[in-house]
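Here's a quick tour of where the open space sits in this fold and who lines it. Have a look at the sequence and the model first.

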Amino acid sequence: MINPEEIIDDLPTYQVRISHRAKRMQLKVSPLGEVEVVLPKRISKKHVAPFVAQHQAWIKQTQKQMAALYPPEELLPGTLRFESTNQQWQLQYLEGKRARVAEIQNALKVYSQDDEAARKALQQWLNRRASEVLIPWLHDVSDELGLTFKRAVIRAQRTRWGSCSSSGTISINRALLFMPAETVRYLFVHELCHTREMNHSPRYWALVERYTPDYQRHEQVLNKGMRLIPRWALAV
Ligand SMILES: [Zn+2]
């Protein structure tokens, strides 16, 4: 006989994100294998563990697929390419007491004492790039559409590309730099439209469609896109 408590003990670790918009509980597995449960606000937290337990086989299988897609040796890249801005760099890893990244034309020189410090420096460089490129771009699309927001922040989320809070804060995933420019624009349109409609109602989608008629194509690109992001850029 199996003790039900043992099953609960054996659950994968997971994080819970409370959603005002979700109607049902959802499970997400990030490229690094982390599990997130999206919990609709009106559903009690006590339902989460049984829900995860029920989907254990699916979680394990998805984690295996992700591990195969993202081998650990990809953690320090040899080249780096931003599809959004059509830029590419060759990377060099050099000894240095203070970890830092120096950009010299098409080369990025990463100075550090070890691999872990090199990766951290590269991630910080990515954060800065994301702020410099994506935030002004979001402002441009906001001006163009006449849809305003209060604040924009860069995040390193692994299961979401962006979000818009009811207080008007738009979160942007730094990994968008790796996506095509039209898809980045679509994500901005998507979040800006939420400043009008905090839901995914037909009225909301009609608004999105007005600004991005081929939005469904971009939704597909984003749905598959997280798998195309280099592993080092997803690690925090
Ligand atoms: Zn949305």
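How do the residues of the lining of the second largest pocket divide into nonpolar, polar and charged? They come out as four nonpolar, five polar and five charged, where Ala, Val, Leu, Ile, Met, Phe, Trp, Tyr, Cys and Pro count as nonpolar, Asp, Glu, Lys and Arg as charged, and the others, Gly among them, as polar.

Some ground rules: this is a predicted model, so local features need pLDDT of at least 70 and side-chain atom pairs pLDDT 80 or more, while totals for chains, interfaces and linings use all residues. Residues are numbered from 1 along each chain as its sequence is written, and side-chain values use heavy atoms, with hydrogens and water left out.

**Domains**

The domain assignment, which is automatic or from a database, gives domain 1 (4-69) and domain 2 (115-234). Their C-alpha centres lie 24 Å apart, and 10 residues of domain 1 are in contact with 12 residues of domain 2 (contact means heavy atoms within 4.5 Å). About 1,100 Å² is buried between the two domains, with carbon and sulfur atoms giving 56%; buried area is the accessible area (1.4 Å probe) that two parts lose on being put together, summed over both. On the domain 1 side, Arg21, Pro31 and Leu32 lose the most area to domain 2, together 53% of what that side buries.

**Pockets**

A pocket is an open set of points on a 1 Å grid over the protein atoms alone, where a 1.4 Å probe fits, with protein on both sides within 12 Å along at least five of seven lines; lining residues have an atom within 4 Å of a point. A volume is the space filled by probe spheres set on the points.

| Pocket | Volume | Lining | Nearest the centre |
|---|---|---|---|
| Largest | About 1,500 Å³ | 48 residues | Arg17, Gln26, Lys28, Thr159 and Arg160 |

The largest pocket lies between domain 1 and domain 2, because both give residues to its lining. That lining divides into 17 nonpolar, 18 polar and 13 charged residues.

The second largest pocket also has lining residues from domain 1 and domain 2, so it lies between them. Strand 1 gives the most to this lining, with three residues; strands are DSSP runs (E, at least two residues), numbered from the N terminus.

**Arg155**

Arg155 is found in strand 8. Its relative accessible area is 39%, so Arg155 is partly exposed (buried is under 20%, exposed over 50%, partly exposed in between, with a 1.4 Å probe and protein chains only). Not counting residues up to four places away in sequence, Arg155 touches Ser171, Ile172, Asn173 and Arg174.

Methods. Helices (H or I, at least four residues) and strands (E, at least two) are DSSP runs, numbered from the N terminus.
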